[in-house]
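Here is a short briefing to read alongside the sequence and the coordinates. Take a look at the two chains first, then come back for the notes.

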Amino acid sequence: MELEKLKELWDNSSNASLPMNAEGLSQILNNSTRGPIASIKRNLTIEVLLVILLYGIIIWLISNHVDSTILYFDIILLGVAGILFLVYAFYKYKLLNKMECMACEVKSNLNLQLNSLEKLVKLYFRVGNIGIIFVYLVAGTISYIVDAGETVPIPHYVEILLFLAIGVVLVVINYHFSRWYLFNLYGKHIQKLKNILYEMDESEIR
Amino acid sequence: MKTRKEKEFLALISEHEGLIHKICHVYAADAFGKQDLFQEIVIQLWKSFESFRNESKISTWMYRVALNTALTEKRRSNKKVSLSFPSSLKDDKAQENVVDGYEENLNILYDAISKLTEVEKAIVMLYLDDKSYEEMEEVLGISQATLRVKMNRAKEKLRQITKSIQHGT
């Protein structure tokens, strides 16, 4: 088929789909976007809400059920963890808000999305890996304070070595799990963006 | 109750709906994918409508938003989409019933385009819509020199593919 014939076909193809009525279009405007960035934002909001809920429960448990001698220490640790999470969530929101410019040139929007997504994945990976070390150490310290004075059947240094060994195993598992999880969540999308951008630049490279 | 702005937007979309349908047809794999993508493009256009300052042509702005949406969205094909999508959009089965010479050729065209890469699809679409290299550059952000090289390659590829589809090879 000649290209002019294809152009003619293309011109007429607008009529191949029946137009939508105004009501149908208007209905669409009330729906929320299902784009990847909107999904990440929604997930982050859920994360923040879950943390707030979890914090509420923990604070309630500590103030009502736990020995008051460790109360002060716990509150400080929880406060630090809470602040760190808020900093993380704020930075992530900031990154997400700058992540796309749908009315910009396609190439610049793809570049913007790719760079931001890579930053986001790095942030997620680092926070996840540092977070687990922090949580593990805090949990260990709390149990050490709670169990202080209790006799254990194994020597003290073995107890510490065991604690550290379990910690290392947990960190290694978490490291590989995070890599696998992040690749499944964003890896394919990042690769797709890279391929498109590579193709856009291909002739310039040659 | 629709606002003045909403009415303005809906009129604009109705006027250029064909462009969105074409992009959906080219980038989505199945009927559900098309509905999904159509909805996503309309939402994204609505979101960026406020910032549209008439600095570029309407079609340039629409192409940018629609292509950005189509290229960056995660594919959700073969999955039932539970959205209240009006039935006015013809589905593939309905189209099959009205196959004649024109429909057959149109199917060949879409079939050929589907075999192109994501970027080639965009370039070919703009070419078929008679856009100048300047406008293509404004939409895609690719230099005109690069576009010319890619365009020649894509046109040749399209010619070859349509020929092989027609001859059933």
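Of the contacts in chain A with a separation of 6 or more, 76% join residues 24 or more positions apart, where contact means that the C-beta atoms of two residues, placed from the backbone, lie within 7 Å. This is a predicted model, in which local features need pLDDT of at least 70 and side-chain atom pairs count only at pLDDT 80 or more, while totals for chains, interfaces and linings use all residues. Residues are numbered from 1 along each chain as its sequence is written, and chains are lettered from A and ligands numbered from 1 in the order in which they are written.

**The two chains**

- Chain A has six helices and zero strands, counted as DSSP runs numbered from the N terminus (helices are H or I, at least four residues; strands are E, at least two).
- Along the sequence, chain A reads α-α-α-α-α-α.
- Chain B holds nine helices and zero strands, in the order α-α-α-α-α-α-α-α-α from the N terminus on.
- In chain A, 12% of the 206 residues are buried; a residue is buried if 20 or more other C-beta atoms lie within 10 Å of its own, exposed if 12 or fewer, and partly exposed in between, with C-beta atoms placed from the backbone.
- In chain B, buried residues make up 34% of the 169 residues.
- For chain B, residues 24 or more positions apart account for 73% of the contacts with a separation of 6 or more.

**Where the chains meet**

- Chain A gives 42 residues to the contact and chain B gives 54 residues.
- On the side of chain A that touches chain B, the elements giving two or more residues are helix H1 (3-12), helix H2 (22-29), helix H5 (106-146) and helix H6 (156-205).
- H2(A) supplies the largest share of that side, seven residues.
- That side of chain A divides into 21 nonpolar, 15 polar and six charged residues; Ala, Val, Leu, Ile, Met, Phe, Trp, Tyr, Cys and Pro count as nonpolar, Asp, Glu, Lys and Arg as charged, and the others, Gly among them, as polar.

**Leu71(B)**

- Leu71(B) sits in helix H4 (residues 58-72) of chain B.
- Leu71(B) counts as partly exposed because it has 19 C-beta neighbours inside 10 Å.
- Setting aside neighbours within four places in sequence, Leu71(B) is in contact with Val106(A), Leu110(A), Ile196(A) and Glu118(B).
- Val119(B) is 48 residues from Leu71(B) along the chain, and their C-alpha atoms are separated by 8.9 Å.

**Asp130(B)**

- Asp130(B) is found in the loop between helix H7 (118-128) and helix H8 (133-140) of chain B.
- Phi of Asp130(B) is near 60°, a positive value in a residue other than glycine.
- Asp130(B) is exposed, with 10 other C-beta atoms within 10 Å.
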